[in-house]
Amino acid sequence: MAKIFCVANQKGGVGKTTTAVNLAAALAQLNQRVLLVDLDPQGNATMGAGINKAELKSSIYEVLLGMADVATARVTSETGGFDVLPANRELAGAEVEMVELDNREKRLKDALNAVDAEYDFMLIDCPPALSMLTLNGLCAAHGVIIPMQCEYYALEGLSDLVNTIKKVHAKLNTDLKIIGLLRVMFDPRMTLSQQVSSQLEQHFGDKVFKTIIPRNVRLAEAPSYGMPGINFDPSSKGAQAYLVFGAEMVERIKTI
Ligand code: ADP
Ligand code: MG
């Protein structure tokens with residue numbers, strides 16, 4: 001049975017997509033069978049995995065509306081070593097079109113169920129909103145990975161996400177838990193980063209992943225080459241950190 005995780009944070013630009021793409025590639029390097037699910041109409045995870053979102057035959061949009069199944073819509077990321085259920089701007093319309101459908105928050109869960117035996121991990125890259133799309137991600141998942149920057153406003157908004165996760169857990173998906181908070185874009189030279197980082201550890205204890213992802217320009221450059229950062233420049237500090245994070249995830253899921 002595949003372990004399914006959402007990478008979620010309703011803030012934009014906090015490293016969700018970078019984390020989803022690089023964790024997918026790291027897990028693939030660790031011989032795990034991975035499906036990366038792009039649940040953001042921006043299609044950044046799709047592009048970052050080297051797949052042209054403008055040339056998709058079908059996408060997650062058709063899957064959510066029941067017009068295609070996952071096995072038809074998925075594509076292989078040659079640069080990442082994993083499969084992708086891709087997205088493009090069409091997905092923005094799904095939000096409205098799903099309103100009329102039964103069981104609308106469980107459409108992704110039901111669709112992924114059909115390929116469950118083919119993967120060890122499914123990683124869902126969520127959009128920057130607590131929307132019907134994100135709700136579909138949370139209903140399909142066993143857990144949530146929350147990437148965070150260690151800055152002054154980092155904790156602001158976290159309570160909304162945590163409350164949403166609690167509600168989904170209570171009403172829709174009793175499997176759902178927070179797997180961990182991942183510190184990303186970390187700059188150890190900044191005193192504030194250090195302070196926020198230790199505050200997070202005090203508040204959330206072992207819910208904070210041990211691995212810290214540094215700010216590293218190679219991770220930011222990689223998407224324009226259609227490659228996960230860990231394969232674009234394997235020796236870079238960012239790549240190394242995501243590889244360590246992949247190993248931490250493999251260990252952590254043994255205990256959940
Ligand atoms: P989100 O999906 O939450 O909107 P992204 O993963 O797209 O966030 O990241 C936002 C921006 O920050 C992107 O330009 C990305 O390349 C850059 N970025 C993400 N993580 C890092 C990092 N560790 N070091 C440097 N740049 C990063
Ligand atoms: Mg994103």
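Let's start with a pair of strands: β6 (residues 143-149) and β7 run parallel, and 7 bridges join them. Keep in mind as you look around that this is a predicted model.

**Around strand β7**

- One of the places where you can see the pairing is Pro 147, whose bridge partner in β7 is Leu 182.
- To get from β6 to β7, look for helix α8 (residues 158-171): β6, α8 and β7 together make a right-handed β-α-β unit.
- From β7 the chain then goes through helix α9 (residues 191-204) to β8, and this β-α-β crossover is right-handed too.
- Strand β8 (residues 208-214) pairs with β7 in the parallel sense, over 3 bridges.

**The shell around ligand 1**

- Ligand 1 is surrounded by 17 residues, and the closest are Gly 15, Lys 16, Thr 17, Thr 18 and Ala 220.
- Three elements, α1, β7 and α10 (217-221), each give two or more residues to this shell.
- Which element gives the most to the shell around ligand 1? That's α1, with 3 residues.
- Sorted by class, the shell has 8 polar, 7 nonpolar and 2 charged residues.
- Thr 18, one of the closest residues to the ligand, sits in helix α1.
- Is Thr 18 buried or exposed? Thr 18 counts as buried because 28 C-beta neighbours lie inside 10 Å, and the cut-off for buried is 20 or more.
- Thr 18 and Ala 129 are 111 residues apart in sequence, while their C-alpha atoms are 17 Å apart in space.

**The nonpolar core**

- A bit of background: in soluble globular proteins, nonpolar side chains tend to be buried together.
- Here, the largest nonpolar core has 77 residues, and the ones that touch the most other members are Phe 5, Ala 24, Val 34, Leu 36, Ile 60, Leu 123 and Ile 124.
- Helix α1 (residues 16-29) gives the most to this core, with 8 residues.
- Zoom in on Val 34 and leave aside its neighbours within four places in sequence: its contacts are Ala 24, Leu 27, Ala 28, Phe 82, Tyr 119, Asp 120, Phe 121 and Leu 123.

- Strand β2 (residues 34-38) pairs in the parallel sense with strand β4 (residues 82-85), over 3 bridges.
- In that pairing, Leu 35 stands opposite Asp 83 in β4.
- Strand β3 (residues 75-77) also pairs with β4 over 3 bridges, but in the antiparallel sense.
- There, Val 75 stands opposite Val 84 in β4.
- β3 and β4 form a hairpin with 4 residues between them, and Gly 81 in the turn has a positive phi of about 80 degrees.

**Two asparagines with positive phi**

- Asn 31 isn't a glycine, yet it has a positive phi of about 65 degrees.
- You'll find Asn 31 in the loop between α1 and β2.
- Asn 31 is exposed, because it has 9 other C-beta atoms within 10 Å and the cut-off for exposed is 12 or fewer.
- Asn 103 has a positive phi as well, near 55 degrees, and is a residue other than glycine.
- Look for Asn 103 in the loop between α5 (91-97) and α6 (107-113).
- With 10 other C-beta atoms within 10 Å, Asn 103 is exposed.

**A look at Ala 241**

- Ala 241 has its place in helix α12 (residues 237-252).
- Why does Ala 241 count as buried? Because 23 other C-beta atoms lie within 10 Å of its own, and buried takes 20 or more.
- Not counting residues up to four places away in sequence, Ala 241 touches Thr 211, Ile 212, Ile 213 and Pro 214.
- Ala 241 and Gln 29 are 212 residues apart in sequence and 14 Å apart in space, C-alpha to C-alpha.

Conventions: Residues are numbered from 1 along each chain as its sequence is written. Chains are lettered from A and ligands numbered from 1 in the order in which they are written. This is a predicted model: local features need pLDDT of at least 70, side-chain atom pairs count only at pLDDT 80 or more; totals for chains, interfaces and linings use all residues. Two strands pair if DSSP finds at least two bridges between them. A crossover is right-handed if, with the strands pointing away from the viewer, the path from the first strand over the helix to the second runs clockwise. A nonpolar core is a set of buried Ala, Val, Leu, Ile, Met, Phe, Trp, Tyr and Cys residues joined through C-beta atoms within 7 Å. Two residues are in contact if their C-beta atoms, placed from the backbone, lie within 7 Å. A residue is near a molecule or strand if its C-beta atom, placed from the backbone, lies within 6 Å of it. Ala, Val, Leu, Ile, Met, Phe, Trp, Tyr, Cys and Pro count as nonpolar, Asp, Glu, Lys and Arg as charged, and the others, Gly among them, as polar.
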